[in-house]
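Visitor: I am new to this one. Please show me the model, then take my questions one by one.

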Amino acid sequence: MPKKFYITTPIYYVNDVPHIGHAYTTIAADVLARYHRLKGEAVFFLTGTDEHGQKVEKAATERGLTPKAHADSMTVNFQRLWEKLEISNDAFIRTTDREHVAVVQELLRKLYDAGEIERRTYEGWYCTPDERFWTGKEIVEGKCPDCGRPVERITEDNYFFLMSKYQDRLIEHISKNPNYIQPESRRNEVLGFLRTQKLGDLCISRPKARLSWGIELPFDRDFVTYVWFDALVNYFSAARYLSPPAGGESGPSEKEKFWWPADHHLVGKDILTTHSVYWSTMLMALGLSLPGNIFAHGWWTLDGKKMSKSLGNVVDPNEVVDTYGADAFRYFVLREVPFGLDGDFSIETFTTRFNTELANDLGNLLSRVITMIEKYFDGKIPQASSDQPSDRQLREIAAAIAPKVEEDLGSLSFTKYIHDVWALVTRANRYVEENAPWKLAKNKDLERLGSVLYNLAEALRRAGLYLAPVMPSTSQKIWDALGLEGRIASCRRQDEQAWGRTAAGTAIEAGAQLFPRIDL
Ligand code: ME8
C-alpha cells in the first residue's frame, strides 16, 4: 500500500464569506496535497465548514433564517471559491453532517463513561448580549471588557472536560516532538504558557436555554456541545466517513486505521491554542494518536491595516481571481510571505511580482522558446546534439531541485520551494542570453540552435513539473505548449524528472501568453 498523507485546513465558520485568510490556509494545504500526489502517495485532503454555535446562530437570526438554511447558503460560497482556486480537496466536511454528529456523540459518551467529563456548577460574570462569561479580574467596573455593557452574576451548571490533568503529558509530548507544533516560535509560546500557567478544565457544554444550535450531549438532553469540542472532532470523524478507501477497504474502521492520525493540521495563529491544547488533550483522553504536526501560519493585512468587515477592507479572493487568475493569486500568497510570518497584501506588490516574475521570467521564457521552435524548426522540438558547459550547468540546476524541494515542503517552506524552482527559470533565462539563439539562427548554426532550444524545452518541462502543485493550470499550459501528453496532475514525479524525456520531433502547440502584463 502506498504511504498515506492526510492534511487538513480549519473548518471555516459559516457566519462570514470567505476572504484571503481562508484562501491562504486552503491554498497551502492544496500545494502539499498536490505535491504528495505527484510523489505517488495516497492523499486525503480535507476542508469544510464549522456550522454550529453562537456566531452562526446569531448570523442566521439576523438574516431571518434557520441556522441550517443559513449554513446551506453560506457553505456554497466556500465550495465555489475552492473550485475557482483549483483546490483539490478530496472531501468537504460539514459539522451538520449526520455522520459527524454521531461521531461527536460517540466520543462524548466515551469520555463521560470513562470519567473524563464532569458536571459542575459554574459561577461567573455573564454578558448577555455577547453571550459569554468573564472572570472577576477581566470585568471593568462591573462592565463587559468587550462591549462595555453591564454584566450579571450567573450560576450555571455545565459539563467540563478534565483537561487539566493532561498538562504534564502535553508538555512532554511537545518537548519530545520538535515538529509537533511549528513554527518554532509558536511552539515556544505554547510551551512557555503551559510551563508557567495552570491549565484549567474545559467547559464543553452550553445549556439549551441559552443556545440551542449545537450537538446535543448524549448524556444530558438539556445541553448542547461547545462548538470547539464539536469542530475539532471533524478531523477524526472525516477519517472514518469521508476519506478515500484504504487499500480497497471502505469500512469506517479500516479507513480510520489507515488515515488517522492526520499528518498536518494547518491553522492560522489565532486558533493555535484550541488545536495544540484542547485537541491534543482530547485525543489523549480518548486514547487516540496525536497528529504529526500542527502548523500555525501568520496573519494577512491589507495595505498595512488589519482587515475587518466593518472597515470594508477585506480582500475578496473572488475579485483577484476573476481579474488575474487563480494561479497568480496562489503564487503570490505563497511567494510573498514565508509560511508562519505575517504578511501584507497590496495590489502594488501583487502587480510587481506578477509582471516581473510571472509575466517576464516565466511567461516570456515560454513564449520565446515556443516562437523560436515554430520559426526555426517548423513547430517540432529539435534534437540535442551538442553539449557545452552552459548546457551542463542548466542540467545540474534542474537536477538539484528535487532534493531541495523535498526538504522545503518537509518544513512547509513554500516560499523557499518557489525560490528553488525559480532558480531553474532564472538560469534558463540566462541560458537564452548566453547562447543567443537568434544569432545562431542568423549564422545558420542549426545544430547548436537545435540543442539550445531542446535544452530550454527540457528546462521548461521540469519547471512545469515542479510548479504544478503551486500553479496547476499554468503548469498544464506549459505541458500542452511543449506537446507533452496527458495531465500533469496524473504524472508521477519520479518518472518525469529525468533529463531528456522530451522526445525530439514532438509537435509543440503555440498558445496565448501565460501571464499578460498588468498595466495599473
Ligand atoms: O476559527 N490572515 O473559523 P474561521 C490569515 N471555525 N488567515 C486568516 C485570516 C487572516 N487575516 N483570517 C482568517 C474558525 N484566517 C473555526 C475553526 S477548526 C476545527 C475550527 C484563516 O472562519 C486562518 O486559517 O474564523 C484561521 O485559522 C481561519 O481562517 C479561521 O477561520
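Visitor: Which ring does the charged end of Arg153 sit over, and how far is it from the centre?
Guide: A charge sits over a ring if NZ of Lys or CZ of Arg is within 6 Å of the ring centre and within 35 degrees of the ring normal. Arg153 meets this rule. Its charged end sits over Trp125, and the distance to the ring centre is 4.9 Å.

Visitor: What kind of model is this?
Guide: Residues are numbered from 1 along each chain as its sequence is written, and side-chain values use heavy atoms, without hydrogens and water. Local features need pLDDT of at least 70, side-chain atom pairs count only at pLDDT 80 or more, and totals for chains, interfaces and linings use all residues, for the model is predicted.

Visitor: How many aromatic pairs are there?
Guide: Rings of Phe, Tyr and Trp (its six-membered ring) pair if their centres lie within 6.5 Å. Planes under 30 degrees apart count as stacked, over 60 as edge-to-face and the rest as tilted. By this rule the count is 33.

Visitor: Why is the pair of Trp260 and Trp279 classed as it is?
Guide: The ring centres of Trp260 and Trp279 are 6.1 Å apart. Their planes stand at 75°, so the pair is edge-to-face.

Visitor: Where do Trp260 and Trp279 lie?
Guide: Helices (H or I, at least four residues) and strands (E, at least two) are DSSP runs, numbered from the N terminus. Trp260 is in the loop between α9 (252-259) and β12 (264-268). Trp279, 19 residues away, is in helix α10 (residues 272-286).

Visitor: Are Trp260 and Trp279 buried or exposed?
Guide: Buried means under 20% relative accessible area, exposed over 50%, partly exposed in between (1.4 Å probe, protein chains only). By that scale, both Trp260 and Trp279 are buried.

Visitor: What kind of pair do Phe295 and Phe339 make?
Guide: Phe295 lies in strand β13 (residues 294-297), and Phe339 in the loop between α12 (326-336) and β16 (343-345). Phe295 is buried at 3% relative accessible area, and Phe339 is buried at 9%. Their ring centres are 4.9 Å apart with planes at 25°, so the pair is stacked.
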